[in-house]
Amino acid sequence: MHKKYITGAIAKEREERETMTNEQIRQTATAWETAKEHITKRVLHIAGTEEIEQKAGKLEKDRIPDTFLYSVYVVAFTDDKKQDVTYMYVPVALRKKWGITEKELEQQFQNNVAKINFRFVVCNDLEHEIKRARLMLSVPRNIKPDFAIYRIMSRNRLVHNADIAFLFTEKFWGTVQDMFPSGCYLLLPSYTTILLIDKSADFAKVQLLLETVTDSTHRRFTLPDSSFTLDYEKHELHDKI
């Protein structure tokens with residue numbers, strides 16, 4: 001009986017600590033001076049965006065042209081001990097409370113991501129890569145492309161899940177154009193992952209790869225807009241491949 005009481009007291013204390021931590025996060029996010037270093041972006045489908053806006057109000061966001069996807073501003077806090085990241089979406093009302101303009105919010109995002117180092121990793125083992133992204137129930141083992149597939153990865157895996165945020169920076173366009181001067185295909189197999197294929201790859205084989213992956217993907221996890229070409233001049237994603 002005594003042991004159960006002590007265990008219950010510890011659990012209650014832990015819960016209170018976690019509640020305080022969440023409150024501290026909220027307070028930090030609502031003050032611009034403490035929130036600004038944590039500004040980043042995530043990708044959301046339009047349905048998910050609308051659901052969040054019903055609770056939080058209109059979000060600071062940008063539509064990815066010709067898609068049903070948005071890039072959404074968030075305040076992200078990394079917990080190294082838990083190996084986790086906590087996000088707080090940025091409604092228009094919060095941006096106004098901070099006393100900053102949309103341009104200033106975007107500039108802060110650019111500054112934050114510019115500090116992150118990224119690497120391009122060849123990941124032709126798509127079976128491992130897609131399973132790692134939890135996208136497939138079963139992956140065909142015959143996905144062995146004869147062209148390089150690159151994954152963009154931040155060197156610190158806990159820096160606000162920064163991989164996808166890199167897509168919305170000036171740094172991204174300069175880096176990718178240097179790597180693929182003749183152009184490239186961009187794939188988004190998940191809301192956090194960017195894959196790149198040089199445009200010199202056999203187009204028919206790239207299409208076959210996409211069809212094979214799509215046919216094997218559990219529909220509930222499939223992004224409706226997941227394959228693009230890049231317009232280096234306008235810095236835009238173009239129609240699906």
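Reader: Where is S71 placed?
Author: S71 lies in strand β3, residues 69-79. Helices (H or I, at least four residues) and strands (E, at least two) are DSSP runs, numbered from the N terminus.

Reader: What should I know about the model and the numbering before going on?
Author: This is a predicted model, where local features need pLDDT of at least 70, side-chain atom pairs count only at pLDDT 80 or more, and totals for chains, interfaces and linings use all residues. Residues are numbered from 1 along each chain as its sequence is written, and side-chain values use heavy atoms, with hydrogens and water left out.

Reader: OK. Is S71 buried or exposed?
Author: S71 counts as buried because its relative accessibility is 2%. Buried means under 20% relative accessible area, exposed over 50%, and partly exposed in between (1.4 Å probe, protein chains only).

Reader: Which residues is S71 in contact with?
Author: Leaving aside neighbours within four places in sequence, S71 is in contact with K41, R42, E60, K61, D62, I64 and F168. Contact means heavy atoms within 4.5 Å.

Reader: Take F168, then. How many residues apart in sequence are F168 and S71?
Author: They are 97 residues apart in sequence, and 8.1 Å apart in space, C-alpha to C-alpha. F168 sits in the loop between β6 (149-154) and α7 (170-179).

Reader: Why does F168 count as buried?
Author: F168 counts as buried because its relative accessibility is 17%. Not counting residues up to four places away in sequence, F168 touches K41, V43, I64, S71, E106, F109 and Q110.

Reader: And D62, where is that found?
Author: D62 is in strand β2, residues 61-63. With a relative accessible area of 36%, D62 is partly exposed. Beyond residues up to four places away in sequence, D62 touches K41, L69, Y70, S71 and Y73.

Reader: Changing topic: how many salt bridges does the structure hold?
Author: Eight. A salt bridge is a side-chain nitrogen of Lys or Arg within 4 Å of a carboxyl oxygen of Asp or Glu.

Reader: Why would such side chains pair at all?
Author: Side chains of opposite charge can pair when their charged atoms come close.

Reader: Which residue does E106 form a salt bridge with?
Author: E106 forms one with K41, and the closest N and O atoms are 2.9 Å apart. This pair links distant parts of the chain: E106 is in helix α5 (residues 102-114), K41 is in strand β1 (residues 39-45), and they are 65 residues apart.

Reader: Buried or exposed, what is K41?
Author: K41 counts as buried, at 4% relative accessibility. E106 counts as partly exposed, at 21%.

Reader: What about R95 and E102?
Author: Their side chains meet in a salt bridge, 3.5 Å from N to O. As for networks, salt bridges that share partners join K41, D62 and E106 into one.

Reader: Last topic, the open sheet. What order do the strands have?
Author: The open sheet of six strands runs β5-β6-β8-β7-β9-β10, with antiparallel pairing. Its edge strands are β5 (118-122) and β10 (236-237), each of which pairs on one side only. Two strands pair if DSSP finds at least two bridges between them.

Reader: How many bridges are there between β6 and β8?
Author: Three, and β6 pairs with strand β8 (residues 195-198) in the antiparallel sense. The bridge partner of Y150 in β8 is L196.
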